[in-house]
Amino acid sequence: MSLYTHWTCFNCRKSFRGLSTSESKAEGLITKRKCPECREELYNFGIYFQPPRRQAKKAWTIIELLAKNGYRFQTEGSTVHINTFILAGDKSRYEDVRQCIELEKQSQIDNQIKAKIDFYKQEKRRR
């Protein structure tokens, strides 16, 4: 596993490598970074992030959508999950990715509701 993580600037559509946040906190280093070109704040996308080409504007809009929804490439498992269930291939469309993210959020909400209902049913049986 690499010690370095990818810091991404959506304004410039560039990715930079630097120390991971866990390593930076342990050493007392600054964890927020700014882009050297546009001075916008960089987004920590994780160790396993593979940035698209700079000219691929559609791919960068999809990556920005992932960032806004909290997806990161911190572990191999999260990378596989994003590539398999969210992106579903190399030629992903923005609208398809947005729908996959919404479906995943809805299923998480449904699972939480179901877990609460099951918990209340078990509590009622105990009484």
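User: Among contacts between residues at least 6 apart in sequence, how many join residues at least 24 apart?
Analyst: 52% of them do. Contact means heavy atoms within 4.5 Å. Keep in mind that this is a predicted model, where local features need pLDDT of at least 70, side-chain atom pairs count only at pLDDT 80 or more, and totals for chains, interfaces and linings use all residues. Residues are numbered from 1 along each chain as its sequence is written, and side-chain values use heavy atoms, with hydrogens and water left out.

User: What's the secondary structure?
Analyst: The chain has 4 helices and 3 strands. Along the sequence the pattern reads β-β-α-β-α-α-α. Helices (H or I, at least four residues) and strands (E, at least two) are DSSP runs, numbered from the N terminus.

User: How do α3 and α4 pack?
Analyst: Helix α3 (residues 76-87) meets α4 at an angle of about 105 degrees, and their axes are 9 Å apart. The two are therefore roughly perpendicular, a label for angles of 65 to 115 degrees. On the α3 side, the contact uses His-81, Phe-85, Ile-86 and Leu-87. From α4 come Val-97, Cys-100, Ile-101 and Glu-104.

User: Switching topic. How many salt bridges are there?
Analyst: The structure holds 5. A salt bridge is a side-chain nitrogen of Lys or Arg within 4 Å of a carboxyl oxygen of Asp or Glu. One of them pairs Glu-123 with Arg-126, closest N and O atoms 3.2 Å apart. Another network joins Glu-95, Arg-98 and Glu-102 through shared partners.

User: What are the N to O distances around Arg-98?
Analyst: For Glu-95 and Arg-98, the closest N and O atoms are 2.0 Å apart. For Glu-102 and Arg-98, the figure is 2.3 Å.

User: Why about one helical turn between Glu-95 and Arg-98?
Analyst: Because they sit 3 residues apart in helix α4.

User: Is Thr-8 buried or exposed?
Analyst: Thr-8 is buried, because its relative accessibility is 0%. Buried means under 20% relative accessible area, exposed over 50%, partly exposed in between (1.4 Å probe, protein chains only). Thr-8 lies in strand β1 (residues 4-9).

User: And which residues does Thr-8 touch?
Analyst: Not counting residues up to four places away in sequence, Thr-8 touches Lys-14, Ser-15, Leu-42, Tyr-43, Phe-45, Phe-49 and Trp-60.

User: What share of the chain is buried?
Analyst: Buried residues are 26% of the 127 residues.

Technical notes: Axes are lines fitted to C-alpha atoms, for helices over the stretch in contact, and angles run from 0 to 180 degrees between N-to-C directions. Angles under 35 degrees count as roughly parallel, over 145 as roughly antiparallel, 65 to 115 as roughly perpendicular and the rest as oblique.
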